[in-house]
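Open the model in your viewer and keep the selection panel at hand.

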Amino acid sequence: MINFLKSNIIFLILLLLFIYKGVFVNVVANINTLLTKNNNNQSTEINILKEENTKLKNDIEELTNLKELQESDYKLTRLSYRKSYTDNEFLITGSDYKTNDLLINNEGLVGIIKEIKNDYSIATTIKGVKSLSIKIGSSYGTISKYDGNYFIVEDLSNYDEVHINDTVYTSPIGKNSNFIVVGNISKIEEHEISKTIYIKSNVDFNNLNFLYVVG
């Protein structure tokens, strides 16, 4: 009798498994799907956290590099939008500035504020500035254009004493009275009565983030 019952129970179990095989398979599949989704979600969250951590480290490193400028009475801002690396115009956070205020980082002059909006400002890199007054030693000139990775000054006299590697600064003539590094002279071409100088900036215009506003 006991053996008969055991046989019937086993038979019923096998029958139920056969009848509900599809349901059982679906349950197992759903469990696997949920586990896979959870694992994928966890992996995605971990990757996002890693990216945010890397970004924060880069921000801290860049702000540390700007430590020398923190002691000056400059306003800290940040590039918030730019169409592309080749586009000279960009937006910065904040609007408590004035037009023609200079933008700098640790490498030197970056750009000039062109327009003030309600909660942001429009600026352009110095590559997009049509003319910029500069000073080299006791000589003054104007950057007329940007070409071949050089800022070019064409209005210096042959009597102006300038040399390779001389540091070029913004001229204090006008509204802005600060001397800001523009770059260094890389090449000099002498003509009959004038000379052309080629200035190389140390600023990486493709990698702009935190900036200081010099008013």
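A nonpolar core here is a set of buried Ala, Val, Leu, Ile, Met, Phe, Trp, Tyr and Cys residues joined through side-chain atoms within 4.5 Å, where buried means under 20% relative accessible area. The model is predicted.

Begin with the whole protein, shown as a cartoon. Three helices and twelve strands are present. Buried residues account for 30% of the 215 residues. The exposed surface comes to about 14400 Å², with 53% of it supplied by carbon and sulfur atoms. Among contacts with a separation of 6 or more, 54% join residues 24 or more positions apart.

Next, select Leu-103, Leu-109, Ile-136, Ile-143, Val-182, Ile-197 and Ile-199. Within the largest nonpolar core, which has 35 residues, these touch the most other members. Colour the strands that supply at least two residues each to this core: β2, β3, β4 (108-116), β6 (132-136), β8, β10 (181-190), β11 (194-200) and β12 (210-214).

Now centre on Val-182. Which residues is Val-182 in contact with, leaving aside its neighbours within four places in sequence? They are Leu-109, Ile-126, Ile-134, Ile-143, Val-168, Tyr-169, Thr-170, Ile-199 and Ser-201.

Then move to the loops. Most residues other than glycine have a negative phi. Select Asn-100, in the loop between β2 (89-93) and β3 (102-105); its phi is positive, near 75 degrees. Asn-100 counts as partly exposed because its relative accessibility is 37%.

Finish at Asn-149, in the loop between β7 (139-147) and β8 (150-157). Asn-149 is not a glycine, yet has a positive phi of about 70 degrees. With 46% relative accessibility, Asn-149 is therefore classed as partly exposed.

Key
Residues numbered from 1 in each chain as written. Predicted model: local features only at pLDDT ≥ 70, side-chain atom pairs only at ≥ 80, totals over all residues. Heavy atoms only, no water. Helix = DSSP H or I, 4+ residues; strand = E, 2+ residues; numbered from the N terminus. Buried < 20%, exposed > 50% of the residue type's maximum accessible area, 1.4 Å probe, protein only. Contact = heavy atoms within 4.5 Å. Areas by Shrake-Rupley, 256 points an atom, 1.4 Å probe, with all protein chains shown as cover.
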